[in-house]
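Here is a model to read closely.

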Amino acid sequence: MSISRRRFAQLLGAGAAAAVVRPALSFAEAATGAFPPATAASEMVRLSANENPYGPSPKALRAMSAAYDRACRYPDESADALAGSLARLHGVGREQILLGDGSSEILKLCADEFSGPLPKEKGKTAGGRLVLADPTFEAILYHATMNHAAIEKVPLTASYGHDLPKMMAAAEKGLIYVCNPNNPTASTTPKKELRDFIEHAPNDSIILVDEAYYHYADSPDYESVIPLVKDHVNLIVTRTFSKIYGMAGLRCGYAVAQGNTIERLRERQSWDSSNVMALVAAAASLEDPEQVAKNRRLNNETRAFTTNQLAKIGYPSIASQANFIMFDAKRPVVPLIASLKQKKVQVGRLFRALPNHLRLTIGTRAEMETFLKAFQEVIG
């Protein structure tokens, strides 16, 4: 069935109106005006994928509506406009930005380009080892494994930061992956340690810093390393619109690096991998600074509520700098995950390095109350 742009806008308006007339489920939903999450007893509360429950910026929704009739065109102009905005935001050249189908595409390109089987004979240059923390976000590990790369996992420190000296010692050409804030622990690596690591790492080891959760971090001991790109040809930094900008379903991310590094990645990328709707929504999101501040505040309030409630019943959490937490459930999490799912609450998966720790996305206040009730029922 065909639909005009006007009708598309009307449908968006109808959805927003429906959200308004429904009873507010929490202070968070009332403040954002976003579509409320599923709350019927038969529907799952999804706290498993570190999504932002409040949705995209209203400016992003309006931008998508306005771009509806551009869906028949390739996304070149929209991509150029977003890349230009990002270059200005970070104070870099346009050639230093690579857009992706979420930052996950960038991770795959990096694994393809910079990791592979180690050379078996002296003088061979093909391949390179992937060095990463354990536990951390596994996408890069999956892609490097598919590329038959040598893998070196380095346990996190006692404070759940990256053990950078051991990671540097393990590096052999190839790729060093640093997720900061780290997924699944929601912890950060101290800024001076990371800065010194980048300064002293050999140029034949590419350092990939994943800043997917950058906007949630407010620790004075945390900082972005994008400003260091200008001095380090071997540094790549990724960001995403999936988290604080609420665009996980739209898929848009990007990398910042020096121009020749970006070109190496671009050569491996499919043409037009980012779609028009995601590109215009991302560009509009950059023009809405209130979106970031509001979502950070709502996340912090609900995260504090959740961690305080868990602490009261004897389950303290790792200090979080993200939109999720991780806590010691004091038992293997696999049966716990299954039991919570039976109660219509979906939580994070098993991370084998911390088999008794549960990762939990911070949803709305109502969703976290549902989780807490189910969790206490499950643990007895």
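Q: When does a residue count as buried or exposed here?
A: Buried means under 20% relative accessible area, exposed means over 50%, and partly exposed lies in between. The model is a predicted one.

Q: Why does Tyr315 count as buried?
A: Its relative accessibility is 8%. The cut-off for buried is under 20%. Tyr315 therefore counts as buried.

Q: What makes Phe375 count as buried?
A: Phe375 has 0% relative accessibility. Buried means under 20%, so Phe375 counts as buried.

Q: Why is Val378 called partly exposed?
A: Its relative accessible area is 24%. Buried needs under 20% and exposed needs over 50%. The value for Val378 falls in between, so the residue is partly exposed. Val378 lies in helix H13. Leaving aside neighbours within four places in sequence, it is in contact with Leu336, Ser339, Leu340 and Lys343.

Q: How many aromatic pairs does a search of the whole structure find?
A: There are eight. One of them joins Phe241 and Tyr245.

Q: Why is the pair of Phe241 and Tyr245 called tilted?
A: The ring centres are 5.0 Å apart and the planes stand at 40°. Centres must lie within 6.5 Å to pair; planes under 30 degrees apart are stacked and those over 60 are edge-to-face. Phe241 and Tyr245 are both buried.

Q: What makes the pair of Tyr315 and Phe375 edge-to-face?
A: Here the centres are 5.2 Å apart, with the planes at 80°. Edge-to-face needs planes over 60 degrees apart, so the pair is edge-to-face.

Q: Which parts does the pair of Tyr315 and Phe375 tie together?
A: Tyr315 lies in the loop between helix H11 (289-312) and strand S9 (324-328). Phe375 lies in helix H13 (residues 365-379). The pair therefore ties together parts that are 60 residues apart in sequence. Ring pairs also link Tyr315, Phe327, Phe371 and Phe375 into a cluster.

Q: How do you know that the charged end of Lys330 sits over the ring of Tyr315?
A: It lies 4.9 Å from the ring centre. The distance limit is within 6 Å, and the charge must also be within 35 degrees of the ring normal. The charged end of Lys330 is listed as sitting over the ring of Tyr315. The charged end of Arg365 likewise sits over the ring of Phe305, 3.7 Å from its centre.

Q: Which residues touch the most other members of the largest nonpolar core?
A: They are Leu99, Leu235 and Phe241, in a core of 54 residues. Helix H10 (residues 276-286) gives the largest share, eight residues. A second, separate core has 24 residues, including Leu109, Cys110, Leu208 and Ala255.

Q: Why is H5 described as largely enclosed by the rest of the structure?
A: Nine of its 12 residues are buried, so the helix is largely enclosed. Among the buried residues are Ile106, Leu107, Leu109, Cys110 and Phe114.

Q: What span does helix H5 reach, and what is expected?
A: Helix H5 (residues 103-114) reaches 16 Å from its first C-alpha to its last, close to the 16 Å expected at 1.5 Å a residue. Helix H4 (residues 76-90) reaches 21 Å, close to the 21 Å expected.

Q: What covers the buried residues of H4?
A: The cover includes strand S2 (97-100), strand S7 (235-240), strand S8 (253-256) and H10. Leu82, Leu86 and His90 are among the buried residues of H4. Just after H4, Gly91 takes a positive phi of about 65°.

Q: What makes the phi of Lys173 and Ala186 worth a remark?
A: Most residues other than glycine have a negative phi. Phi of Lys173 is near 55°, a positive value. Ala186 has a positive phi of about 65°. Lys173 is partly exposed at 35% relative accessible area, whereas Ala186 is buried at 0%.

Q: Where are the cis peptide bonds that join Asp134 to Pro135 and Asn180 to Pro181?
A: Pro135 is in the loop between strand S3 (130-134) and helix H6 (139-146). Omega is about 5° for the bond between Asp134 and Pro135. Pro181 is in the loop between strand S5 (175-179) and helix H8 (191-200). Omega is about 0° for the bond between Asn180 and Pro181.

Conventions:
Residues numbered from 1 in each chain as written. Predicted model: local features only at pLDDT ≥ 70, side-chain atom pairs only at ≥ 80, totals over all residues. Heavy atoms only, no water. Core = buried A, V, L, I, M, F, W, Y, C linked by side-chain atoms within 4.5 Å. Buried < 20%, exposed > 50% of the residue type's maximum accessible area, 1.4 Å probe, protein only. Helix = DSSP H or I, 4+ residues; strand = E, 2+ residues; numbered from the N terminus. Phe/Tyr/Trp six-rings, centres within 6.5 Å; stacked < 30°, edge-to-face > 60°. Expected span 1.5 Å × (residues − 1). Contact = heavy atoms within 4.5 Å.
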